[in-house]
Amino acid sequence: QVHLVESGGGLVQAGGSLRLSCAASGSIFSRNVMGWYRQAPGKQRELVAAITDGGSTNYRDSGKGRFTISRDNAKNTVNLQMNSLKPEDTGVYYCNADWVDESGAYRAYWGQGTQVTVSS
């Protein structure tokens, strides 16, 4: 089993910064993608940023230039540094880890979510 635990959410004024952290534990496949998703009230969950075990990154257009995703493979942690926050960044942020294991099975795991609220 794999567990993901997020931390770092909170309330911040527009223009401020937050740093989200996620620690993964359990049977984690070495070749994986870890990422952050956001779900705003009444909206679908959407990808914010993702990073492979090799360090390749992918960002949602709205976060480019403001958000930075990073990871520590040895510690199985992934972080999301969010700067110049906007009210539209508000939502519950979920940590995700997924991979295709040796048998070819797709595995995806989610954290419990952490609330980010950006006031105008």
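Me: How many aromatic pairs does the structure hold?
Reply: Rings of Phe, Tyr and Trp (its six-membered ring) pair if their centres lie within 6.5 Å. This is a predicted model, where local features need pLDDT of at least 70, side-chain atom pairs count only at pLDDT 80 or more, and totals for chains, interfaces and linings use all residues. Residues are numbered from 1 along each chain as its sequence is written, and side-chain values use heavy atoms, with hydrogens and water left out. The number of aromatic pairs in the structure is two.

Me: Is the pair of Tyr37 and Trp110 stacked or edge-to-face?
Reply: Planes under 30 degrees apart count as stacked, over 60 as edge-to-face and the rest as tilted. The ring centres of Tyr37 and Trp110 are 4.9 Å apart and the planes stand at 70°, so the pair is edge-to-face.

Me: How many residues apart in sequence are the parts that Tyr37 and Trp110 tie together?
Reply: Strands (E, at least two residues) are DSSP runs, numbered from the N terminus. Tyr37 belongs to strand E4 (residues 33–39) and Trp110 to strand E10 (residues 106–110), so the parts tied together are apart in sequence by 73 residues.

Me: What is the angle between the planes of Trp99 and Tyr109?
Reply: Trp99 and Tyr109 are both buried (under 20% relative accessible area). Their rings form a tilted pair, 5.3 Å centre to centre, with an angle between the planes of 35°.

Me: In E8, which residue is the bridge partner of Ile69?
Reply: Strand E7 (residues 67–72) runs antiparallel to strand E8 (residues 77–82), and six bridges join them. In E8, the partner of Ile69 is Leu80.

Definitions and conventions: Helices (H or I, at least four residues) and strands (E, at least two) are DSSP runs, numbered from the N terminus. Buried means under 20% relative accessible area, exposed over 50%, partly exposed in between (1.4 Å probe, protein chains only). Two strands pair if DSSP finds at least two bridges between them.
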